[in-house]
Every structure is written in C-alpha cells, then in structure tokens.
Amino acid sequence: MADDQFVYAVARIRAKELTLLDNAFFDQLMAAKSYKECLQLLSDKGWGRTGEESAEELLSVEREKTWDLMGELVSDLSIFNTFLYDNDFHNLKAAIKQVYVGEEVPNIYISRGTIQPEIIYNGVKQHDFSLLPEHMKACAEEAYQVQLHTGDSQLCDVIIDRATLETIYAKAKETGNELLIKYAELKVVAADIMIAIRGNRTGKGKEFFARAMVDCASLDKNRLIEAALTDEEAIYDYLSTTIYADAVLSMKESSAAFEKWCDNLIIKNIKPLKYDSFSMSPLAAFILARENEIKSVRILLSGKLNNLPDEFIRERLREMYV
Amino acid sequence: MDNLGIVLAALGAAFAALMAGMGSSNGVGTAGMAAAGVTTEDPSKFAKVLILQALPGTQGIYGLLIAFITLSQIGILGGDSNISVAKGCLYLAACLPMGLVGYFSGKHQGRASVASIGIVAKRPEQFGKAMVFPAMVETYAILALLVSILMITSIGGLNI
C-alpha cells in the first residue's frame, strides 16, 4: 500500500511537467529584445500571479507555487527537508549577523525552511540554542561565539556551511531515498571541490580545509586536502582519477562553468525519474527541476537587464529537465 | 461428509470471484488515483484516463463468470447438487487459475495502467500505444479464464 501513496501526486506532477520551461522557450527568451519583453513572455507562460511583479518577486512567487503544490500533494512536507536545510542554515547566518550588528535588516530571511526564522532569531538573540533543532545547536553556538568574540564572519560562515552539508548528507541518508542521497552526495562533492580550489588560490592551510570540507562517499577528503595544499593542477590530477573527471574541463574554464556542470549533473541524474510512476522521487525531481529553471531564468534576466552579450548568457544557462 | 463435494466446489466458485475481484479492485483503485491526478491538472483528458483506469476491471468480471458457471454446473442454481468429493476437488482446482491469475494480473495491470496514464498526461496523442501496455497483461487473465472454463465444463462428464 505504501507503494501506492504517491500515485496521485506523481500523476499530477506528470501533467505539471508540461508547464516546465524547455530549451525552445529559453531560445524565445534569448531572442527577446529587452528585459521587459522577457518578463512579458514569462508572464504569458503563466509565471507570477499578477503580471506586475519585478524579476525577484516573480522568481520568489514561482518558488512559492512549487512548494504550495507540494503542500497539496503530500500530507507531510518533511520528506523534502533535505532541500530545506539550506534555508534554515542561511537563516541562522542571517540571525547571527543581525544579532552581532544589533540592527534590524529587512528581507534577509528565507521563509521556506524546516523551522520558522523567528525561532532561529530568538534562539540566537537570547543565546538559548536549545530552541533550535538538534542538528543546529552545536554549530549555532560555535558560529555565534566565533562571530561575537573574533568578528570573523568568514569563519562563522565556514562553520555553518560545514554543518549545512553535514546535515543534508546525514538527513538524506536517513530518508533512504536514492535521489535524495545522490543529491546530497553531489552537493557535498561540489562544495568540497569549490573549497579546495578557492582555498588553494587564497593559500589556506590544512586546518582550514579539514574544518571546511565534509566527508562523502565518492571523494577521498584527505587526498583532496593534500592536493589542495599542493597546487591547482594536483586537484585536477586527483579529480581525474575519480568519477568526476568530466568536471576538470569546466573547472579550468571558470567557477561559473563548474557550477553549471554541477547543476547539469544533478539534472542528468534526475532525468530517468520521468519514467517512475510510484515513488516520491519524481516529486523531489520536480522541485529540483523547478529550482533549476528558476536559476536559469534569474541568470537570463540579469543578463538581459545588464545588456550582456547573448553568448555570455547562453553559456551559463542550465540544461533543462524536460 | 456426504456434502463435502458440493462444499469444495462452492469454495472454488467463491475463491474465483473473491481473488479476481480483489485483483481488479486493487488495479482499478491504483489506476484511479493516477487518473484523478491527471484530471485535476487537465480535465480534458478525463475520457482517455477513464478507459485506462477501467482496463484492470475485467478480471473481476471473469471471476464472476467462473463462479457463475461453477454454481450452475454443481446444481446450486438449480438441478442436482449431489456431487462426489473427487468432483468437488476438481471444481475447486478448476477455479484456481482464474482466482490466482485474476488477482495478480489485476494488480499488475493496474500498475501498467498507472504508467500509461503518465504517457497520456504528457502525450495524449499516444493514447493508442499507451493502451497496449496494460492490455498485454490481459492476455494472461484470458488464458486463465479459458483454462478454468474448459475444466469446469468438462468435469460434469467425468464418471467419478
């Protein structure tokens, strides 16, 4: 019976997949003469609610629509928490910085998380970290103390980023869902590689790498640290011996190209779920596909707004799910 | 013990109707969930998904048919209901193919229908092809139906 619980939801998602943006629509957007024309095309496609939204509002409305739909489809949204921990930890960073500067900063919290931003803020403000969920307590206290006593925001971010990845990785494993586990693995791998590259360029030491990187199944953290302590070529050499050898080319190109490679890899991994009719995975894949198209639309709109050359925008657009 | 033959035969009839009905209700129910999902988003596909939902319903009808033929053969619906234990056992055995195959094929046909409803959701013009996949499962329900009918109608002529 448990096998049948997502049949209705997956069927609705199948019909909804027809509304996802495809490459042809992105060509249309690219051909639009102005930023305003792009917004009009998106509005005609059903994006936004009033047709009057700004680009940021439009993207935020679309994200809300995805989660509203998921709220209709499943009784317990916590099955998607793997995607929401990022927002919780972002809110934790925001709360710590807000408490540190002692000023009210508007619109710094993300509404979709596993816990309310107010709870996080109150926990930090009152130094009562017991208000926070178990996976957040230790890192919140440590990051707060570092920010308060040293004012080192970068270290504070490193502590929280590591906890974010560890939480996503551990919680995804707990779900036992293959897609979520793969997503978490790729997220950790992308972050570890980025840390290695950026840390190498800024001459970080072993202690930093050990503190920032997270263990995962498909990369050997110690070998990556060793390579990062040597030079960039050593990182590429090590990655060439792993299943992420394809990434090397994009890494040599630019950080943006590597980020695109990571996003495309996730999309490539979720594409087979278009043929799964029974598990929750197609729902999770739909969330990722929507996030992916929202990211691409954001890139395209900022490119159009800043009159960047078409080629520059096009090489940053992600592969689409449909 | 004199009536054991008729009891066994009636058990067979009940088994065929029960199991095949369970398979169909499971299949139609599962496919119905998928059909409802697609119709929520696009009501214009109602007719197409309804046909796919109905496909796993045939096993229940076959089970009913087998039960009906058995009951009429053993005299419960009228006539001589005095049958031997050996014949009773044979009627029970004759009902097994329809009961068991009906249950499993109904269930699996429902799953194939769900997948086909997914096709219709995205490519309604491929409805014909989408129908073929769950219809293939029907073959085995029909084979079981034939075997059960052949056995039931032949048992009466045996001198045991």
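Q: A polar contact is a pair of N or O atoms within 3.5 Å; within protein, one must be able to donate a hydrogen and the other to accept it, and residues adjacent in sequence count only if both atoms are side-chain atoms. How many residue pairs meet this rule across the interface of chain B and chain A?
A: Three residue pairs do, with both residues at pLDDT 80 or more. The model is predicted, local features need pLDDT of at least 70, side-chain atom pairs count only at pLDDT 80 or more, and totals for chains, interfaces and linings use all residues. Residues are numbered from 1 along each chain as its sequence is written, chains are lettered from A and ligands numbered from 1 in the order written, and side-chain values use heavy atoms, without hydrogens and water.

Q: Why is the pair A:Lys16 and B:Glu41 called a salt bridge?
A: The term requires a side-chain nitrogen of Lys or Arg within 4 Å of a carboxyl oxygen of Asp or Glu. The N to O distance here is 3.6 Å, so the pair qualifies. Between chain B and chain A the count is three salt bridges.

Q: Which elements of chain B make up the side that touches chain A?
A: Helices, DSSP runs of H or I with at least four residues, are numbered from the N terminus. α1 (4–41) and α4 of chain B each give two or more residues to that side. α1(B) has the largest share, eight residues. By class, the side holds seven nonpolar, four polar and four charged residues.

Q: How many residues are in contact between the chains, and what area is buried?
A: With contact taken as heavy atoms within 4.5 Å, 15 residues of chain B touch 15 of chain A. The two chains bury about 1300 Å², 65% of it on carbon and sulfur atoms; this is accessible area (1.4 Å probe) lost on being put together, summed over both parts.

Q: What lines the largest cavity?
A: Lining residues have an atom within 4 Å of a point; among them are A:Ile193, A:Arg201, A:Met251 and A:Phe258. α9 (178–201) and α14 (255–270) of chain A each supply at least two residues, and α9(A) gives the most, four.

Q: Which residues line the second largest cavity?
A: They include A:Val7, A:Arg14, A:Ser277, B:Ala34 and B:Val114. α1 (7–16) of chain A and α4 (85–122) of chain B each give two or more residues. The most, four, come from α1(A).

Note on methods: On a 1 Å grid over the protein atoms alone, a cavity is a set of points where a 1.4 Å probe fits but cannot get out, and a pocket is an open set with protein on both sides within 12 Å along at least five of seven lines; lining residues have an atom within 4 Å of a point. Ala, Val, Leu, Ile, Met, Phe, Trp, Tyr, Cys and Pro count as nonpolar, Asp, Glu, Lys and Arg as charged, and the others, Gly among them, as polar.
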